[in-house]
Amino acid sequence: MLRLLPEPGSIAYFGPPMSDPKAELMARLRAFEGKASSEPQTARFPVNVPMIEHWCDAMGDRNPAYLDAEWAAASPRGQMIAPPTMLQAWVMPGLRRWRDRPGAGSAVGSILRVLDEAGFTSVVATNCEQEYQRELVPGDVLRTSVTIEHVSDEKQTALGTGHFVTQHYSFRDQSDEVVATMRFRMLKFRPPEASAATPAPKPARPRPRPGITHDNRFFWDGVRAGKLLIQRCAACGRLRHPPGPMCPGCRSLEWDTLESAGRGEVYSYVLHYHPQIPPFEPGHPVALVALDEGTRLVADLVGVEPEEVHVGMRVQVEFNAVDDELILPQFRPLTP
Amino acid sequence: MRFRSELANRTAIVGIGATEFSKDSGRSEMSLAVECIAAALDDAGLAPEDVDGMAAYTIENNPDAEITRNLGIPGLRFFGRTHYGGGAACATVLQAAMAVVAGVADVVVCYRAMNERSQQRFGTGVQRLSPQPTAESAHFGWYAPFGLLTPAAWVAMFARRYMHEFGVSSDDFGRISVADRKHAATNPAAWFYGQPITLEDHRASRWIVDPLRLLDCCQESDGGVAVVVTSAERARDLRRPPVLVRAAAQAMAEDQHMMTSYYRDDITGLPEMGLVARQLWETSGLTPADVQTAVVYDHFTPFVLVQLEEFGFCGRGEAKDFVKNANLELGGGLPINTHGGQLGEAYIHGMNGIAEGVRQVRGTGVNQVPDVENVLVTAGTGVPTSGILLGRA
């Protein structure tokens, strides 16, 4: 088939006025590309230590390069630096000022309104890439300019149909040198229509349940009673975990239990990131705990930052209800 | 203990066949199975009518009865399946060799075909447990409720202790990925053809389950691979030079759990693979020095190091030094996974590694090691497992 004109809706369409509303919208959106999103913003405050400390507290970051002036002075840099990913925090207008003038009169405000009017009323930030030309140090004063770099065609996404809007940020310092750039992409999408057929949001997925058998019921009953029980051969006294019906040492089928004091040390551990499996958080610490009584068991750790876990760490059991139905033995670092 | 075996050099792999390796095959697992088996039979110069035995994994979704019907195989006299995921890989050849030597079957097909990326991803782990009071649901109950859910996580627990005891670093694991991807880069059949990586790439790859990074984990793949086993005698008359099964062995060891044998005094080794190793060396009369190249099961890099120790290529805790200086790469002391391994070529549960072992003995590998007399091929690690030694007739 011979096409004399590009299809309406394609980027190269320069034909007569169109009746296709999608193409019309696309043309309006494309016109924003290359425009400044808003007036250049100058940071309210120079790069400063108090904001850095608050940010590090919130992020759980303890890098002495950001926090310890003495350490930083002795480091190859010779001084403290700001966390690079704090970049955008320096030029944010602050809640009150943003509430007063949410992008008023700006191109980004306009493009969002155009999308709102076209029914793409929901928004989600999808990704953000930053590139750093130099490290920021206390006293730097940043200024940023933002342009609308790209508006995508209409896309089908898991959230709904929408357009991706990409903004490009350039950050300059007091000497007008570019210190960093950022690409920030958001999806403006049409929320799926709520209807009677739409099921209510599911509760957070619960943790997998243990399989209970005649051989291990005592363990899980013990957990519900706040006891960590270890199976013990009634004939030879050998302890075993995970439990089973027969002693592998003397082959006796008779057994009783020993209540563990619940103390031990981390024999090995992992931090689980991918795939993300709710309800577990990224970085979820799971340990192989060597109990003082001599057996080992797997359990997750609580009350500890992932980066603080180490082999040999002393831990103490506690019994926690992880949801309405399930109580698990979990371990917390013992304070010396 | 001295091991004896009636199998040494009595059988041969006479045909290999594979589909393309992809992330979305676009067809049924059954189609992948019959395609790779037909290709393997054609490679051997045999017809479906010659087949009278099949050996597969219990995790295989394609029942041998369906395959037999689809391929127009008149009937089977032997069909057996082995459990424990990729641990079954070399066991299929063991089962086939036993059947042939016992006279139970003449021509046995071993196969693995799966849409493991597009259909059923093992990497997502065990997120739902059967409510039935079975030994298996009890087993997973010691791990899944606590968030230890995936094969990567189960292996990572061993890896951390191994690192702790022997001073092994993430870089030492990375060297396995670098070697595999180097070999995949020159293998047109590999998913990562033309895409070598550096140790820097490994360091920069994200955590999957710390201490395992993305580049410590094998791919997830769609594809099928089959091999054909018959007697050494019959092999002499077939299309390809026979590749003898010098030795084949399976093993599980003391205090064995499916993939979480965390309760042994020492968890830095793989005693089940050690038992495979002792059987292979003793029944073949060979030693590590007699092997020119090896296909070392690489679903996760740390266990490649441990296997090198279990097979005696180096001492306990010394693999971190053995893997340095490109020793595992083509031109090194022990080139491994010359097809790119499961990190580089495809994850077909070790069956593609057996096919590569055959090519190396035939001298037809795309990354051919010179003067190959014997190749070691291993199967899934951390689980009850298997291994074979292949050699020139």
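Buried area is the accessible area, taken with a 1.4 Å probe, that two parts lose on being put together, summed over both. Three residues stand out here: B:Trp142, B:Pro145 and B:Phe146 supply 25% of the area that chain B buries against chain A, more than any other three residues.

A word on the model itself: it is predicted, so local features need pLDDT of at least 70 and side-chain atom pairs count only at pLDDT 80 or more, while totals for chains, interfaces and linings use all residues. Residues are numbered from 1 along each chain as its sequence is written, chains are lettered from A in the order in which they are written, and side-chain values use heavy atoms, without hydrogens and water.

Now let us look at who touches whom. With contact meaning heavy atoms within 4.5 Å, 37 residues of chain B meet 37 residues of chain A. Between the two chains there are 14 residue pairs in polar contact, both residues at pLDDT 80 or more (a pair of N or O atoms within 3.5 Å, one able to donate a hydrogen and the other to accept it; residues adjacent in sequence count only if both atoms are side-chain atoms).

On chain B, the elements giving two or more residues to this side are helix H4 (135-141), helix H5 (151-166) and strand S5 (207-210), with helices of at least four residues (H or I) and strands of at least two (E) being DSSP runs, numbered from the N terminus. H5(B) gives the most, with seven residues.
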